[in-house]
Amino acid sequence: MPPESPGLSRFDRTERWLHWANATLVGVLVSTGAVLYWGELSSVFGRRALFKEIHVIAGLCLPIPFLLALPGRRGRGLRRDLGVLHGKFNPGQKLNAAFVGAALVTMLATGSVLRFFQPFPLAWRTGATFIHDWTALALGLAITGHIGLAVADRDALRGMVSGAVPAWWARRKRPGWYEEVTGEGAGS
């Protein structure tokens, strides 16, 4: 590891709060969804109706952190990052952000059909169940990969915890962003 270098601000407090608020809600959704989906887990935990209510409430709450983080001065960094998804993120992170964003909207829409099913025909409810289940599986795989990659790169993870990454890390892993932030070439 290169000698200690000063940190570069990668994520502001609002971006980090949004990430961890969403991570918490998604964790609740994954765990309660698993209990609802697998009968073996349902029988271990019991209280299926309680898990269903928690799952629905967490799902309906999912847009709230984003809606709170986006407006005003505090959301400036988030709006900038969403607007350009520049060299601060590698292509895999950009693809993951697009997929997870679309998947969460899909899950909210299909989950709403499943929860508030009365006005929808049976074919819609059947389709919503199919899409909800398979999107949940794909989302679970993406989240597992995201966590695995974050744990494997401690400096990137530190950036989401503390907000800063070492300058040497930025220079090596995100040269375009490093140049943008420091005004120096990454090869310098």
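The following paragraphs go through a predicted model, from its overall make-up to single residues. Local features need pLDDT of at least 70 and side-chain atom pairs count only at pLDDT 80 or more, whereas totals for chains, interfaces and linings use all residues. Residues are numbered from 1 along each chain as its sequence is written, and side-chain values use heavy atoms, without hydrogens and water.

The protein has 10 helices and 2 strands, taken as DSSP runs numbered from the N terminus (helices H or I, at least four residues; strands E, at least two). From the N terminus the order is β-α-α-α-α-α-α-α-α-β-α-α. The C-alpha trace spans about 60 × 35 × 25 Å along its principal axes. Of the 188 residues, 30% are buried (under 20% relative accessible area; exposed is over 50% and partly exposed in between, with a 1.4 Å probe and protein chains only). Among contacts (heavy atoms within 4.5 Å) with a separation of 6 or more, 63% join residues 24 or more positions apart.

F11 lies in the loop between β1 (7–9) and α1 (13–37). F11 counts as buried because its relative accessible area is 8%. Apart from neighbours within four places in sequence, F11 is in contact with R16, K88, F89, G159, M160 and G163. V28 is 17 residues from F11 in sequence, and their C-alpha atoms are 24 Å apart in space.

Helix α7 (residues 122–152) holds H132. With a relative accessible area of 14%, H132 is buried. Its side chain makes a polar contact with the side chain of T110 at 2.7 Å. A polar contact is a pair of N or O atoms within 3.5 Å; within protein, one must be able to donate a hydrogen and the other to accept it, and residues adjacent in sequence count only if both atoms are side-chain atoms. Leaving out neighbours within four places in sequence, H132 is in contact with H55, M107, T110, G111 and L114.

F130 is also placed in helix α7, but F130 is exposed, because its relative accessibility is 55%.

The model has 5 aromatic pairs, counted for rings of Phe, Tyr and Trp (its six-membered ring) with centres within 6.5 Å; planes under 30 degrees apart are stacked, over 60 edge-to-face and the rest tilted. Y37 and W38 form an edge-to-face pair, because their ring centres are 5.5 Å apart and their planes stand at 90°. Y37 is exposed at 52% relative accessible area, while W38 is partly exposed at 46%.
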